[in-house]
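Work through the exercises below with the structure open beside you. Each task is followed by a solution in steps.

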Amino acid sequence: MTMSQCTELCHTTTSCWVHSNQLQQHTKIKMKTLVCVSDYETEAYRILPQNALDYYRSGAMEEITLRENKEAFNRWYIRPRLLRDVSCRNLATTILGHKVSVPYGIAPTAMQRMAHPDGEIANARAAGKIGTAFTLSTIATTSIEEIAEKAPDTLRFFQLYIYKDRKITTNLVRRAETAGFSALVLTVDAPQFGLRRADIRNKFTLPPHLKMANFETDDDKSNLVNTSAGGSGINEYVKSLFDPSLTWDDVTWLKRITNLPIVLKGILTAEDAVLGLKVGAAGIWVSNHGARQVDGVSPTIEVLPDIVKAVNGQCEVYIDGGFSQGTEIFKALALGAQMVFLGRPLLWGLACGGEEGAYKVLDILHSELDSVMSLSGCSTVKDITGDMLIRKEYYARL
């Protein structure tokens with residue numbers, strides 16, 4: 001069996017990754033040559049089926065914001081401080097009162113079993129192994145309960161949508177509480193999904209051997225993502241279930257039905273961050289949904305300082321959007337983020353080697369962040385301060 005044949009088979013059955021020693025051996029050898037996230041991305045592009053790859057990698061419309069999420073990091077320069085004792089370094093921090101070993105975690109990404117049969121379980125275990133938080137998407141191919149069972153020692157957050165049928169949302173909340181999840185991450189930037197042209201061209205549907213694991217009910221709403229009326233199956237699912245009439249009052253409603261802390265994900269303006277505070281958010285998650293909603297919105301690193309200023313320490317601030325290197329994480333921490341979350345890099349690691357690949361991605365980021373901290377005079381995360389970053393344009397004006 002060739003590598004390409006085995007790869008194709010592993011996405012039409014659930015047994016290929018487990019039973020193909022040839023593929024597993026190839027993967028282990030190949031991963032030894034992958035030394036950064038972009039290496040994993042390149043390899044994942046080579047081995048993932050087109051339907052899954054396009055779903056994971058694409059952004060909205062012309063993908064301007066998708067590119068800007070990456071390019072914006074280069075508009076900030078690090079100002080290292082020298083001759084400081086960095087002989088002992090510690091990357092630990094806290095999130096919502098929980099100690100984590102690194103200031104970055106795993107963002108919610110949908111349908112991870114398209115990348116590897118172990119899917120969300122592998123990523124959750126990798127997060128636990130390195131000592132950080134894993135966020136499970138509502139639109140997952142692994143259920144809330146299975147993640148709790150298979151990754152019991154991992155700090156787990158649950159990403160949530162508020163559905164037209166509030167009973168669906170309430171049921172998901174109760175299940176997350178019962179399963180020991182530590183926070184709800186409410187996505188607030190998705191009254192509907194953005195126009196992702198690759199999914200429309202592919203008429204994206206979930207592969208038939210997979211299911212929306214959190215919706216195995218009598219009327220099986222998971223089937224909605226397997227059908228398409230000339231467009232993307234995931235968009236049909238969203239239109240049928242998501243509630244576009246949501247307001248800040250619905251966040252207040254959610255807060256009333258749970259004691260779990262609520263993090264608002266998708267905030268891009270200081271004004272909305274302040275409104276989030278008013279309705280009792282425990283955290284503001286700066287995000288443009290991986291550049292998959294409105295094309296032309298700001299890259300997240302650019303709006304972060306305004307939101308940190310608006311929040312003024314009244315709640316925690318997290319960020320995602322294009323992060324794939326330790327230097328980029330360092331820059332976000334310097335601008336005031338308490339935690340950086342990554343989505344696509346963990347999908348690339350997952351595709352290349354399941355749990356081992358996901359862990360290797362997290363470990364590479366640990367090495368990179370540790371290096372830039374050492375070389376910039378920082379022994380702890382608290383040493384990474386705002387005066388260690390400056391806009392590129394500053395030097396052009398000197």
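**Exercise 1. The second largest pocket**

Task: Find which element gives the most residues to the lining of the second largest pocket, and state how the residues of this lining divide by type.

Solution.
Step 1. In this predicted model, about 530 Å³ of space lies in the second largest pocket.
Step 2. The pocket is lined by 29 residues, and those closest to its centre are Thr187, Val188, Asp189, Ala190 and Pro191.
Step 3. Two or more lining residues come from each of strand E7 (183-187), H12 and strand E8 (262-267).
Step 4. The most come from H12, which gives three residues.
Step 5. By type, the lining has 16 nonpolar, nine polar and four charged residues.

**Exercise 2. A residue of helix H12**

Task: Decide whether Trp253 is buried or exposed, and list which residues Trp253 touches beyond four places in sequence.

Solution.
Step 1. Locate Trp253 in helix H12, which covers residues 248-257.
Step 2. The relative accessible area of Trp253 is 17%. Buried means under 20%, so Trp253 is buried.
Step 3. Leaving out residues up to four places away in sequence, Trp253 touches Ile162, Arg166, Thr169 and Thr170.
Step 4. For a distance along the fold, take Val279, which is 26 residues from Trp253 along the chain. The C-alpha atoms of these two residues are 9.6 Å apart.

**Exercise 3. The largest pocket**

Task: Describe the lining of the largest pocket and say which element gives the most to it.

Solution.
Step 1. The volume of the largest pocket is about 740 Å³.
Step 2. There are 42 lining residues, of which Tyr56, Thr109, Gly290, Gly343 and Arg344 are the closest to the centre.
Step 3. At least two lining residues each are supplied by helix H4 (37-47), helix H5 (50-57), helix H6 (64-71), strand E11 (339-342) and H16.
Step 4. H16 gives the most, with five residues.
Step 5. The lining divides into 18 nonpolar, 14 polar and ten charged residues.

**Exercise 4. The nonpolar cores**

Task: State how many residues the largest nonpolar core has, and which helix supplies the largest share.

Solution.
Step 1. The largest core has 109 residues, and Tyr104 and Ile301 have the most contacts inside it.
Step 2. Helix H16 (residues 344-375) supplies the largest share of this core, 14 residues.
Step 3. Apart from neighbours within four places in sequence, Ile301 is in contact with Ala72, Phe73, Trp76, Ile319, Phe323, Lys331, Ala332 and Leu335.
Step 4. A second, separate core has 14 residues, among them Val100, Leu155, Trp285 and Phe341.

**Exercise 5. Helix H15**

Task: Find how many residues of helix H15 are buried, and look at what follows the helix.

Solution.
Step 1. Helix H15 spans residues 326-334, and eight of its nine residues are buried.
Step 2. The buried residues are Gly326, Glu328, Ile329, Phe330, Lys331, Ala332, Leu333 and Ala334.
Step 3. After H15 comes Gly336, with a positive phi near 110°.

**Exercise 6. Confidence**

Task: Find where the pLDDT stays under 50.

Solution.
Step 1. The average pLDDT of the chain is 89, and 87% of the residues score at least 70.
Step 2. Residues 1-22 stay under 50, and the model has 37 contacts for them beyond four places in sequence.
Step 3. Residues 218-231 are also below 50, with 33 contacts in the model beyond near neighbours in sequence.
Step 4. Where pLDDT is low, predicted coordinates should not be read in detail.

Technical notes: Residues numbered from 1 in each chain as written. Predicted model: local features only at pLDDT ≥ 70, side-chain atom pairs only at ≥ 80, totals over all residues. Heavy atoms only, no water. pLDDT = per-residue confidence, 0-100. Contact = heavy atoms within 4.5 Å. Helix = DSSP H or I, 4+ residues; strand = E, 2+ residues; numbered from the N terminus. Buried < 20%, exposed > 50% of the residue type's maximum accessible area, 1.4 Å probe, protein only. Core = buried A, V, L, I, M, F, W, Y, C linked by side-chain atoms within 4.5 Å. 1 Å grid on protein atoms, 1.4 Å probe; cavity = no way out; pocket = protein on both sides within 12 Å on 5 of 7 lines; lining within 4 Å. Points joined across faces, edges and corners; volume = space filled by probe spheres on them. Nonpolar A, V, L, I, M, F, W, Y, C, P; charged D, E, K, R; others polar.
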